[in-house]
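Let's walk through this model together, one region at a time. Have the sequence and the coordinates open as you read.

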Amino acid sequence: MEKKTLLAISHLDKSFNGQSILKDISLEVAEGEVVSIIGPSGSGKSTLLRCATMLETMDGGSLRYMGETAARDVNGKSVYAPKAELRRMHRHFGLVFQNFNLFPHYSVLKNIMDAPVTVNRIPREEARSRALSLLEQFGLSDKADAYPYQLSGGQQQRVSIARALALQPELLFFDEPTSALDPELTGEVLKVIKQLAGERMTMIIVTHEMQFAREISDRVLFLEKGSILAQGSAEEVFGSENARIRDFIGKLA
């Protein structure tokens, strides 16, 4: 049975102040797939994620979620759907940031419950039950009443992942989820992401953790200067004979 395509990006172009950041990027992600995006700093990885999640507008190209068109290409320019339609499409995905972005004045429990109640209008008790279940899943049951400043970086990032999952998205984006963590705390966050991969959660992960990307990914994209230099299975990309890719992976491995 053919897997459902959750995300389709075609011929994405993006520039800032006349400088081209992304050039002719096309990407499709199927249900249950884990896609890692790797490449040097400044290659456009985070901008690609920001365009995919509509935090940035594309200059050219099209964007579709679950078969619905968020942006279509009209004569080389991206034309977006009405805001009400885009808001509905936002519910298809969650985004985990580098720097956690938790509300400092909310408890851990309230951080996780807030969006399901205020955005998705689900009953408070259901949101609470869902949040407590996620905290248990991620080994944080004893932190429900704590505040972000009382948590380690690794714990904050696990709360951030729980918060994204509380909205029950079909697709989860990670923008370098361990870049703000020291090596000891990195492992506990990667363990959670591996757990989600084992549950066949659809994920797109921007990462500098090469061994992790190799282990977890169904597909890997290598970005260089705003273009896709290579894409394929983890073994294909990590086994590439391309000198630039071998040099990059060798330095980070």
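Predicted model: local features only at pLDDT ≥ 70, side-chain atom pairs only at ≥ 80, totals over all residues.

Helices (H or I, at least four residues) and strands (E, at least two) are DSSP runs, numbered from the N terminus. Residues are numbered from 1 along each chain as its sequence is written, and side-chain values use heavy atoms, with hydrogens and water left out.

Back to Met66, which has a positive phi of about 50 degrees although it is not a glycine. As background, most residues other than glycine have a negative phi. For accessibility, buried means under 20% relative accessible area, exposed over 50%, and partly exposed in between (1.4 Å probe, protein chains only). Met66, with a relative accessible area of 23%, is partly exposed. Arg200 also has a positive phi, of about 65 degrees, and is not a glycine. You will find Arg200 in the loop between H6 and strand E9 (202–206), where its 41% relative accessibility makes it partly exposed.

How many of the eight residues of helix H1 are buried? Six of them are, so H1 (residues 45–52) is largely enclosed by the rest of the structure. The buried residues are Lys45, Thr47, Leu48, Leu49, Cys51 and Ala52.

Strand E1 (residues 5–16) holds Leu6, which is buried at 2% relative accessibility. Leu6 and Gly32 are 26 residues apart along the chain, and their C-alpha atoms are separated by 9.4 Å.

Next, let's look at how helices meet. Axes are lines fitted to C-alpha atoms, for helices over the stretch in contact, and angles run from 0 to 180 degrees between N-to-C directions. Angles under 35 degrees count as roughly parallel, over 145 as roughly antiparallel, 65 to 115 as roughly perpendicular and the rest as oblique. The axes of H5 and helix H6 (residues 183–198) come within 8 Å and cross at roughly 25 degrees, and the two helices are therefore roughly parallel to each other. For H3 and H4, the axes come within 9 Å and cross at roughly 130 degrees, which makes H3 oblique to H4. Helix H4 (residues 124–137) contains Ala127, a buried residue with a relative accessible area of 3%. Ala127 and Phe97 are 30 residues apart in sequence and 22 Å apart in space, C-alpha to C-alpha.

Finally, turn to the largest pocket. On a 1 Å grid over the protein atoms alone, a pocket is an open set of points where a 1.4 Å probe fits, with protein on both sides within 12 Å along at least five of seven lines; lining residues have an atom within 4 Å of a point. The space in the largest pocket comes to about 660 Å³, a volume being the space filled by probe spheres set on the points. Its lining has 22 residues, of which Phe93, Leu95, Ala115, Val119 and Leu167 lie nearest the centre. Helix H2 (83–90), strand E7 (93–96), helix H3 (108–118) and helix H5 (153–165) are the elements that give two or more residues to this lining. The largest share, four residues, comes from H3.
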